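Please look at the structure shown below before reading on, and keep it in view while the text takes you through its parts.

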Amino acid sequence: MYDLTNVLDIEALESVRPGSNILISGPAMTGKDDLAYEILADGTRQGQGAVIVSTGDRADNVIANFRDRTGTDAVRLGVVDCVSDSANDGSGDGIYVHHVSSPGDLTGIGIGITKALEGLHESGAQQGRLALSSLSTMLTYTDRKTVFKFCHVLSSRLDAAGYLGLFTIDSAAHDEQTLQVIKQAFDGMIEVREQGGTRQARVVGLTSSPSEWVEV
Amino acid sequence: MSDPDAPVVLIVEDEPDVAETYNLWLRDDYEVRMAQNGDEALDMLDEDVDVVLLDRMMPGLSGDEVLSRIRDSGFECRVAMVTAVEPDFDILEMGFDSYLTKPIRSEQLHETVGNLLERSEYDGLLQEYYSLVEKQATLEATKSSAELAESEEYADLTDRINELQDDLSQTLGGIEDDEDFIATLRGLGNGDEH
């Protein structure tokens with residue numbers, strides 16, 4: 001089970017089943033990525049693997065930021081970079097990088113994730129957490145149906161690997177129906193918002209009723 | 001094979017003995033078509049073909065060329081490459097759905113064809129699942145929760161969605177296998193546009 005309460009003190013996150021896939025939804029600038037990466041860093045501190053699929057940031061930045069966040073260079077991290085077309089894929093020091101031509105290249109993203117999972121598994125990480133940021137960017141490259149199916153298939157793959165999946169989406173960038181459809185591909189959702197100058201979050205779907213809003 | 005609903009397998013192989021062996025193994029379960037080269041294969045290709053077993057090294061059109069023409073044709077068949085050397089992910093990146101390394105045993109051949117058909121089944125289920133989820137979202141957006149609670153259509157839809165979720169998680173062993181995972185992702189973009 002994954003205990004995420006170090007990051008977000010909500011009871012529903014105390015023991016999250018391996019293979020769960022969680023949507024992190026909220027308007028822009030409410031710290032969705034921050035929350036996802038913090039959950040990954042929390043896993044790294046416990047010796048777990050981390051995979052980041054980034055549609056907005058180059059692999060070298062992702063790696064540097066993640067090292068800063070965890071406070072250690074000794075991370076086991078797979079990065080699927082959908083931004084820069086650098087040819088120097090590869091691995092070393094527990095880092096596995098795969099470049100993909102665009103956020104619309106679902107097969108490429110899948111191959112990158114597969115290679116990262118394989119590398120992390122070989123490095124001895126039995127558990128791990130994956131963050132994909134963001135579905136909103138993917139939705140500008142691919143239609144809703146394809147993104148939905150992608151989420152479903154990736155969820156199944158992560159379920160088989162026993163990973164925890166976190167996928168961010170900008171709730172203000174899509175119509176209500178799109179959010180409603182995409183939501184259906186996930187086990188639960190963390191909603192984030194900004195209220196009176198503070199960031200708040202609540203959990204929906206992992207338990208029968210939504211949790212209270214708590215400060216992040 | 002006289003069953004008109006039997007899946008159709010197209011064998012593309014320039015060595016007649018080898019092709020005939022595959023035919024013998026498969027013909028009790030499938031409708032088998034045999035082509036000796038790439039041009040013949042493209043002639044025999046139509047919307048009924050479910051699986052193509054494609055020899056990579058053939059005189060005339062190469063297996064890679066035939067694959068790219070099959071993909072361009074828009075027919076939704078699954079293509080397994082038959083090769084003499086053990087390949088890697090590159091095969092999947094090239095667009096093949098699977099591969100078989102010669103010499104092939106009967107068991108392997110059946111397993112591969114069966115797996116490719118299961119992938120098509122998975123794609124079909126996933127497509128149906130999406131359609132229903134979309135319909136459900138439309139109902140949820142246009143009706144009040146009181147109306148939804150009374151709607152028989154909504155209740156049926158919800159039941160069917162739950163059933164499909166179970167079916168999907170049981171097909172392909174829940175996408176445990178990397179090859180199934182990659183090939184399923186590649187199939188997402190093509191074919192099923194409405």
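Predicted model: local features only at pLDDT ≥ 70, side-chain atom pairs only at ≥ 80, totals over all residues.

Along the principal axes, the C-alpha atoms of chain A fill a box of roughly 45 × 35 × 35 Å. Of the 216 residues in chain A, 54% count as buried, and among its contacts with a separation of 6 or more, 65% come from residues 24 or more positions apart.

Chain B is assigned two parts, domain 1 (8-104) and domain 2 (116-188), whose C-alpha centres lie 31 Å apart. Where these domains of chain B touch, each of them gives 7 residues to the contact. On the side of domain 1, strand S3 (49-55) and strand S4 (78-83) of chain B each supply at least two residues, and that side has 3 nonpolar, 1 polar and 3 charged residues.

How many residues of chain B are in contact with chain A? There are 22 of them, and they meet 21 residues of chain A. The elements of chain B that give two or more residues to this side are helix H4 (89-94), helix H5 (106-142), helix H8 (172-175) and helix H9 (178-189). By class, the residues on this side of chain B divide into 11 nonpolar, 5 polar and 6 charged.

Methods:
Residues numbered from 1 in each chain as written. Chains lettered and ligands numbered in written order. Contact = placed C-beta atoms within 7 Å. Helix = DSSP H or I, 4+ residues; strand = E, 2+ residues; numbered from the N terminus. Nonpolar A, V, L, I, M, F, W, Y, C, P; charged D, E, K, R; others polar. Domains from an automatic or database assignment. Buried ≥ 20, exposed ≤ 12 C-beta atoms within 10 Å, placed from the backbone.
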